[in-house]
Amino acid sequence: MDTLIFGGLLATLIAMYRDAPRFVVLGAWWLMLLAVILVMAHHITSGLALTLSY
């Protein structure tokens, strides 16, 4: 899962350097931010077994 996030961030960086339209870069960035939040929520609530909840 972490590899997919790294790949998405790399694709966002490449889109910035290739002068992609602004909405493409922002859309990719927000999608990756959402993915990071979801992975962190998964790691915090289940992976570490700290019994944390939202």
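Just after helix α1, aspartate 19 adopts a positive phi of about 55°. Helices (H or I, at least four residues) and strands (E, at least two) are DSSP runs, numbered from the N terminus. Most residues other than glycine have a negative phi. Aspartate 19 is located in the loop between α1 and α2 (22–47). With 68% relative accessibility, aspartate 19 counts as exposed; buried means under 20% relative accessible area, exposed over 50%, and partly exposed in between (1.4 Å probe, protein chains only).

The model is predicted: local features need pLDDT of at least 70, side-chain atom pairs count only at pLDDT 80 or more, and totals for chains, interfaces and linings use all residues. Residues are numbered from 1 along each chain as its sequence is written, and side-chain values use heavy atoms, with hydrogens and water left out.

**Overall composition**

The protein has two helices and zero strands. Of its 54 residues, 15% count as buried. The protein exposes about 4,600 Å², of which carbon and sulfur atoms supply 75%; accessible areas come from the Shrake-Rupley method with a 1.4 Å probe, and for residues only the protein chains shown count as cover.

Helix α1 (residues 2–17) contains 16 residues and reaches 23 Å from its first C-alpha to its last, close to the 22 Å expected at 1.5 Å a residue. The expected span is 1.5 Å times one less than the number of residues. Ile5, Gly8, Thr12 and Ala15 are the buried residues of α1. They lie on the same side of α1 because they cover an arc of only 80° around the axis, the arc being that of the directions from the helix axis to the C-beta atoms. An α-helix has 3.6 residues a turn, so residues three or four places apart point the same way. On the face turned away from the buried side of α1 are the exposed residues Thr3, Phe6 and Tyr17.

| Residue | Relative accessibility | Class |
|---|---|---|
| Leucine 9 | 41% | partly exposed |
| Leucine 10 | 40% | partly exposed |
| Threonine 12 | 6% | buried |

**Contacts and surface**

Leaving aside neighbours within four places in sequence, threonine 12 is in contact (heavy atoms within 4.5 Å) with Val25, Ala28, Trp29 and Met32. The C-alpha atoms of leucine 9 and alanine 28, which are 19 residues apart along the chain, are separated by 8.0 Å.

Phe6, Leu10, Leu13, Ile14, Met16 and Tyr17 make a nonpolar surface patch of about 650 Å². Patches consist of residues with over 30% relative accessible area and no salt bridge, with like charges joined within 9 Å and nonpolar side chains (Val, Leu, Ile, Met, Phe, Trp, Tyr) within 5 Å. A salt bridge is a side-chain nitrogen of Lys or Arg within 4 Å of a carboxyl oxygen of Asp or Glu.
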